[in-house]
Amino acid sequence: MTDIVAELARRGRALAPEERARLVDLLLDSLEDAPDPEIEEAWRMEIHRRIASYERGEAVLFDAKEVMAEAKRLAP
């Protein structure tokens, strides 16, 4: 670690837990790339496709409680 990074880490550890969590969130957010326009457009189209399928009554829907129960069963 560079001296400045070590100093920031030391100062970060001195923060209250809530402040450290906020700092971590801010730092992680800074690492994310800008959204890829092609991927964003693909998701937009997929969302519209799913909504249209639902509105036509073609979508297979699952009860949230059943899904969570199955998830818990598979990964206890």
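Modeller: In this predicted model, Ile39, Trp43, Ile47 and Ile51 together make a nonpolar surface patch of about 400 Å². Of these residues, Trp43 lies in helix H3, the element that runs over residues 37–55. In general terms, residues three or four places apart on an α-helix point the same way, because there are 3.6 residues a turn.

The geometry of the helix may be considered next. H3 comprises 19 residues, and the distance from its first C-alpha to its last is 27 Å, close to the 27 Å expected at 1.5 Å a residue. At its N-terminal end, H3 is capped by Asp36, which places a side-chain oxygen 2.8 Å from the backbone nitrogen of Glu38. Just after H3, Gly57 adopts a positive phi of about 80°.

Ser53 also has its place in H3. Its relative accessibility is 12%, so Ser53 counts as buried, the cut-off for that class being under 20%. Leaving aside residues up to four places away in sequence, Ser53 touches Glu58 and Ala59.

Arg22 is located in helix H2, which spans residues 17–31. Arg22 counts as exposed because its relative accessibility is 59%, where the class requires over 50%. Between Arg22 and Arg11 the separation is 11 residues in sequence and 14 Å in space, taken C-alpha to C-alpha.

Notes
Residues numbered from 1 in each chain as written. Predicted model: local features only at pLDDT ≥ 70, side-chain atom pairs only at ≥ 80, totals over all residues. Heavy atoms only, no water. Helix = DSSP H or I, 4+ residues; strand = E, 2+ residues; numbered from the N terminus. Buried < 20%, exposed > 50% of the residue type's maximum accessible area, 1.4 Å probe, protein only. Contact = heavy atoms within 4.5 Å. Expected span 1.5 Å × (residues − 1). Polar contact = N/O pair within 3.5 Å; in protein donor to acceptor, adjacent residues only side chain to side chain. Patch = residues over 30% accessible without salt bridge, like charges linked within 9 Å, V, L, I, M, F, W, Y side chains within 5 Å. Areas by Shrake-Rupley, 256 points an atom, 1.4 Å probe, with all protein chains shown as cover. Salt bridge = Lys/Arg side-chain N within 4 Å of Asp/Glu carboxyl O.
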